[in-house]
Amino acid sequence: MTDTLVGPYGSFCDRLWLDWLADRLPASAFGGGEFDRKSAPEPWLEFRAGSNPLVAVTTNPGGSMDHQSHAAVVGRTSPIIKPSQTYREATEGLGHFYETSLEKASPARHRIKAFVRLAESAGYEGLLQVEACPFHSAKLPNKQKLVRAVESNSNSLLREYAEHLRAFLASHHVVGLSAISSTASLTAAGTQQAMGSSVWLPWFATLIGLDPRQATHIELTRKGEGQAAMVSAAALVATVNGRRKALVLMMGGNRLPGESGLAALAGALKQK
């Protein structure tokens, strides 16, 4: 556990946690029911993070589990989270659970392991995973809903969270991950088209501190052969104020590419 999260973003997450425990978060924070107000918020988790971690940004925690429910935590039946814990203390049990206790086929478990390998391969000291939205939602296929929830005039909590997160990410090396439904090959032109036709992707790029117009396009994986081959994963990478930033786009799923694509991404993220 490091002091990486000492500052406004970490303090905001601590207050968010205490307000959730006390059941005093406003209903508007949960986007009109898009997010689960009864499940513990999870804004960030550390995985052996040192003083120079790679920060991975994903959309939001997925579906909730029994040990994360407000009733289980406050009622002291959760085997992982205790109501007396600070959020920083709670993350130790949560991080260990995600790495070791999820089913081996769990997408979340595979994603964490891939992020940790990416961080190690690129020369960083562990991984810090943060969420664009700290609240659970089993299904959030339309990312525009998240953008609308954050930007809503009635949702000051999510907007303030995003502002603190954006400021925090500015001084870190960051990789953002997003699934994309585009059926067009993610070539440089295809990626530019996908960015231009999306509400979510430009907002997400701004959150992680990346200007797509100033970024280098990197092909990560292809599927198919010959003329039918398509770029199925790509990244936009840039150095911003001495910090490496990357936005990874994956066709069909919120996951990192396989070993060859992961190696290409690690090479692009190495500090110059």
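Predicted model: local features only at pLDDT ≥ 70, side-chain atom pairs only at ≥ 80, totals over all residues.
User: Why is the pair of Trp17 and Tyr87 called tilted?

Analyst: The centres of Trp17 and Tyr87 are 5.4 Å apart, and the limit is 6.5 Å, so the rings count as a pair. Their planes stand at 55°; planes under 30 degrees apart would be stacked and those over 60 edge-to-face, so the pair is tilted.

User: Which parts does this pair tie together?

Analyst: Trp17 belongs to helix H1 (residues 8-21) and Tyr87 to helix H3 (residues 87-100), so the contact links parts that are 70 residues apart in sequence.

User: How do you know whether Trp17 and Tyr87 are buried or exposed?

Analyst: Buried means under 20% relative accessible area. Trp17 has 1% relative accessibility and therefore counts as buried; Tyr87, at 1%, counts as buried as well.

User: What is the order of the strands in the open sheet, and what makes S1 and S5 its edges?

Analyst: The 7 strands follow the order S1-S3-S2-S4-S7-S6-S5, with mixed pairing. Strand S1 (44-47) and strand S5 (216-223) each have a single partner strand, so one side of each lacks a neighbour in the sheet.

User: Why do S5 and S6 count as paired strands?

Analyst: Pairing requires at least two bridges, and 7 bridges join S5 to strand S6 (residues 230-240), so the two strands, which run antiparallel, meet the criterion.

Conventions. Residues numbered from 1 in each chain as written. Heavy atoms only, no water. Phe/Tyr/Trp six-rings, centres within 6.5 Å; stacked < 30°, edge-to-face > 60°. Helix = DSSP H or I, 4+ residues; strand = E, 2+ residues; numbered from the N terminus. Buried < 20%, exposed > 50% of the residue type's maximum accessible area, 1.4 Å probe, protein only.
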